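Hello,

Here is the structure you asked to see. Please open it first, then read my notes below.

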Amino acid sequence: MAKIAADFEEALARGAARGGPGRTEPRVLARGDGWTVEDVVCTCGPDDRPFEEQHDHVVVAIVLAGSFQYRGSGAAPSREVMTPGSLLLGNPEQAFECGHEHATGDRCLSFRYTPQYFESIAAGAGRRDTPLRFGRLRIPPLRALTPLIARANAGVAGSVEISWEELGVRIAAHAVRLEAGLAPSPSTASAAAIARVTRTVRMVERQLDGELTL
């Protein structure tokens with residue numbers, strides 16, 4: 001985690017030195033028949049206006065560092081605050097926006113799957129509805145995800161050799177199972193609450209070795 005946070009801060013510093021608007025820089029780590037995994041660093045900040053995009057695959061992305069607001073169509077609620085350890089969920093042809101109203105940048109490990117590949121994973125996890133679509137935008141940081149997220153961080157940092165396909169299958173299966181068991185999300189948080197959460201998350205990231213109390 002410390003190396004991921006340090007690398008992320010360096011990326012933000014390079015973006016600031018470069019000047020101009022922030023940008024998203026994906027780096028393909030691996031791909032196979034029906035899946036791709038990318039290390040995605042975004043240097044956008046409060047001065048960068050979000051724009052609408054569209055998912056072209058099923059997406060399950062692990063937030064590794066930073067934070068952002070994720071808005072999507074066809075899911076409830078329509079806006080979520082993405083923080084480290086949470087999973088971003090996306091469906092093919094789903095419109096979405098990612099914004100950084102309260103702080104600059106984020107880093108995600110993004111797994112993209114074709115619908116057919118993803119549905120084969122979901123069937124093995126007990127979901128056989130076709131077409132399978134996520135009904136929410138986010139899975140919060142949960143204890144059940146900790147081992148997988150720790151392994152993902154180690155893989156991105158280069159400290160261990162991992163099978164990206166195996167990790168992608170396991171992340172997708174966990175996302176399917178966990179989403180089915182989560183209670184409905186509460187109403188969308190206020191802008192003030194989002195700002196407070198963002199400040200706290202960024203403070204924790206800057207002091208990973210510090211003695212932090214509630």
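Glu-38 and Arg-112 are both buried (buried means under 20% relative accessible area, exposed over 50%, partly exposed in between, with a 1.4 Å probe and protein chains only). Their side chains meet in a salt bridge, at 3.7 Å from N to O. A salt bridge here is a side-chain nitrogen of Lys or Arg within 4 Å of a carboxyl oxygen of Asp or Glu. This pair links distant parts of the chain: Glu-38 sits in strand β2 (residues 35-42) and Arg-112 in strand β9, 74 residues apart. Helices (H or I, at least four residues) and strands (E, at least two) are DSSP runs, numbered from the N terminus.

A word on the source. This is a predicted model, where local features need pLDDT of at least 70, side-chain atom pairs count only at pLDDT 80 or more, and totals for chains, interfaces and linings use all residues. Residues are numbered from 1 along each chain as its sequence is written, and side-chain values use heavy atoms, leaving out hydrogens and water.

Strand β9 (residues 106-113) also holds Cys-108. Cys-108 counts as buried because its relative accessibility is 7%. What does Cys-108 contact, leaving aside its neighbours within four places in sequence? The list is Glu-38, Asp-39, Val-40, Ala-61, Ile-62, Val-63, Leu-64 and Phe-68. Contact means heavy atoms within 4.5 Å. Ser-67 is 41 residues from Cys-108 in sequence, yet their C-alpha atoms are 9.8 Å apart.

Back to salt bridges. The whole structure has eight. Arg-18, Arg-23 and Glu-25 are linked in a network of them. Glu-25 pairs with Arg-23 at 2.7 Å between the closest N and O atoms. Glu-25 also meets Arg-18, at 3.9 Å from N to O. Glu-25 is partly exposed, at 35% relative accessible area. Arg-18 is partly exposed too, at 38%, and so is Arg-23, at 40%.

Last, two helices. The axes of α3 (residues 146-157) and α4 (residues 164-181) come within 11 Å and cross at roughly 150°. Therefore α3 is roughly antiparallel to α4 (the term covers angles over 145 degrees). Axes are lines fitted to C-alpha atoms, for helices over the stretch in contact, and angles run from 0 to 180 degrees between N-to-C directions. From α3, Leu-148, Ala-152, Gly-155 and Val-156 meet Trp-164, Leu-167, Arg-170, Ile-171 and His-174 of α4.

Best wishes

Note on methods. Angles under 35 degrees count as roughly parallel, over 145 as roughly antiparallel, 65 to 115 as roughly perpendicular and the rest as oblique.
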